[in-house]
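Dear colleague,

Here is the structure we spoke about handing over.

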Amino acid sequence: MNFSQRYSSATIVSALRIATLGAVCFAAGSVGVLLILNLIVPDRPFLVGFAGAGLISVFVAFPLLLILQLKVGELKKLQETVNYTARHDSVTKTLNGTAFAAAVEHYIDRRKRIATDAGGVMIAVVIDTLDEISRRYGPQWADTVMQSLAAIIQSSVRKGDLVARLATNELGVFLPGATVENAQDVGTRIRRRVAEASFSAEGAPMTIGVRLGGAVFEGPTDFNHIRQLADEMAMQRGGESEDAIPLSRLPAA
């Protein structure tokens with residue numbers, strides 16, 4: 001992308017106008033400072049030039065550089081905000097589906113390149129009653145439930161695990177390098193803490209139905225295959241009341 005394609009003609013013209021005006025003001029100020037110093041010390045041109053350069057730097061260059069640095073800082077913060085918004089769900093503040101899929105695929109590719117694939121586990125958390133809550137109490141209450149569940153899940157996973165919102169009523173957890181035992185511990189904590197949590201709307205208790213299912217992989221695969229298998233396990237047997245989370249193992253390559 002060249003300069004003219006990156007910026008519109010109106011933006012370029014406005015920038016050139018401001019830059020020209022600034023340069024003219026800078027030149028006029030510099031000449032004015034030198035004239036004043038020549039009038040004050042007419043017999044010492046070297047001193048006039050030296051002092052003029054210092055004064056111009058202090059009163060012109062320093063403020064301009066300071067403003068420029070502040071603007072660069074603002075742009076950096078704005079870019080960080082844009083990047084965060086592009087990668088995270090606006091309701092739960094967890095990763096969105098696109099960022100989550102990219103992170104899982106990156107993990108799989110990296111492990112494949114260094115030939116030490118430790119595998120991992122993905123857990124799907126499906127909220128059965130979210131549509132009912134949205135219809136009965138309004139979408140804001142459904143958002144509140146998703147926020148609470150996301151917080152519960154994030155407090156239940158290990159350091160380095162990823163949590164994301166994959167669909168309106170689904171959260172995903174990726175456990176890189178996890179064993180089946182690790183995944184069962186995380187899933188059991190999630191199920192127990194959701195059961196222990198109290199949910200209410202307009203003073204009435206809400207029933208939260210949650211299904212959990214997971215997929216275990218040890219070799220090369222892809223995100224869509226892992227997610228599909230985890231979803232299938234959650235929908236088929238993930239609503240059962242036993243502590244064990246239904247997990248399916250992908251065949252190793």
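**Strands and a helix**

A hairpin of two residues connects strand β3 to strand β4. This is a predicted model, in which local features need pLDDT of at least 70, side-chain atom pairs count only at pLDDT 80 or more, and totals for chains, interfaces and linings use all residues. Residues are numbered from 1 along each chain as its sequence is written, and side-chain values use heavy atoms, with hydrogens and water left out. Helices (H or I, at least four residues) and strands (E, at least two) are DSSP runs, numbered from the N terminus.

β3 (residues 162–167) and β4 run antiparallel and are joined by five bridges; two strands count as paired if DSSP finds at least two bridges between them. In this pairing L162 lies opposite F174 of β4. β4 also pairs with β2 (residues 120–127), again antiparallel, over seven bridges, with V126 opposite E170.

Six of the seven residues of β4 (residues 170–176) are buried, so the strand is largely enclosed by the rest of the structure. Buried means under 20% relative accessible area, exposed over 50%, and partly exposed in between (1.4 Å probe, protein chains only).

In helix α6 the buried residues are A142, V145, M146, L149, A150, I152, I153 and S156. Seen down the helix axis, they fall within an arc of 160°, so they line one face of α6; the arc is that of the directions from the helix axis to the C-beta atoms. These buried residues pack against β2, α5 (130–137), β3, β4 and α7 (180–196), where contact means heavy atoms within 4.5 Å.

Regards
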